[in-house]
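Could you walk me through this model in the viewer? I would like to know what to select next and what is there.

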Amino acid sequence: MTELRLEEVSYKYGIGTPFEKDALDSVSCSFTPGRITGIIGHTGSGKSTLAQLLNGLNKPHSGRVLIDGRDIWEDKGSIINVRFRVGLVFQYPEYQLFEETVYADIAFGPKNMRKSDAEIDALVKSAAEFAGVSEELLQKSPFELSGGQKRRVAIAGVMAMDPDIIVFDEPAAGLDPGGREAIFKGIKDYQRKKGKTVIIISHSMEDMAKYADELVVLKDGRVLCSGSVAEVFGKSELIRSSGLGLPWVTSFMNKLSTLGVEVDCGVYTAEDAYQQIISRIKE
């Protein structure tokens, strides 16, 4: 499996101007192959900047981005191959759709990878299934679709390139609860069935508690903490200091504990909380 990590990565905006700002400052972290890692942080913490460094869209001003131990900028001529290996789904990716049909939009990446027609067809149909794009939509114009359908088409377009690693920047932003659930379920199914490394950037504690295996917390362009979901959310005061709140389920269980109810405060999903409460009632 492909290993991705950052070593002392820094990135600035507006260099040489009065508006110069450190977006990332000496960030070091790694992403466990075959797992879902969530990158969380308040607005302005550096999450989206980090995403654009992971596949070579931007180059760090210092430090290294390493794939399998090799600096992705070691050979500038091969950076296009890095972008095929590390797929990036931007926030609101539906605004990047441009082809005449949904099928052609999803097929755009594989065509640029010089895949055969048979390979392209298989990749398009597989990616569409994972992203929740029905076969009947493939010959429609993407501009005839709803917002949620467009989002799934855009995600399928990156999945169709079959990258080793896929990065999602706020994949469910602006969607209603049903749309959010559909997007995240598709991502989870894709990761589990394909065994891919997935990185999700989000500010939603609930989504990350439910779908991520590991977390990296950013604050003011630095890594505040990282580890498993349980380890990170167990550092409640540190999380609050980053401007974030704990998942509402965790806060609720903490409140029950302060009222004298014997519950595990290390609970992060509604389903787990439900099971605990039902167990206590039966007791």
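Welcome; the model on your screen is a predicted one. Start by selecting methionine 159: beyond its neighbours within four places in sequence, it is in contact with Ala127, Phe130, Ala131, Ile166, Phe168, Gly186, Ile187 and Tyr190. Now widen the view to the largest nonpolar core, which has 51 residues. Met159 is one of the members that touch the most others, along with Ile106, Phe168 and Phe233. A separate, second core holds 28 residues, including Leu4, Phe31, Val86 and Val216.

Next, select helix 3, residues 102-112. Its buried residues are Val102, Ala104, Asp105, Ile106, Ala107, Gly109 and Pro110. Show helix 4 (117-131) and helix 5 (147-159) as well, and you will see what these buried residues of helix 3 pack against.

Colour by accessibility here: tyrosine 11 is buried, at 11% relative accessible area, whereas tyrosine 13 is partly exposed at 35%. Then pick tyrosine 92 and tyrosine 95, whose ring centres are 6.2 Å apart; their planes meet at 35°, so this pair counts as tilted. Tyrosine 92 is partly exposed, with 35% relative accessible area, while tyrosine 95 is exposed, at 69%.

Key
Residues are numbered from 1 along each chain as its sequence is written. This is a predicted model: local features need pLDDT of at least 70, side-chain atom pairs count only at pLDDT 80 or more; totals for chains, interfaces and linings use all residues. Side-chain values use heavy atoms; hydrogens and water are left out. A nonpolar core is a set of buried Ala, Val, Leu, Ile, Met, Phe, Trp, Tyr and Cys residues joined through side-chain atoms within 4.5 Å. Buried means under 20% relative accessible area, exposed over 50%, partly exposed in between (1.4 Å probe, protein chains only). Contact means heavy atoms within 4.5 Å. Helices (H or I, at least four residues) and strands (E, at least two) are DSSP runs, numbered from the N terminus. Rings of Phe, Tyr and Trp (its six-membered ring) pair if their centres lie within 6.5 Å; planes under 30 degrees apart count as stacked, over 60 as edge-to-face and the rest as tilted.
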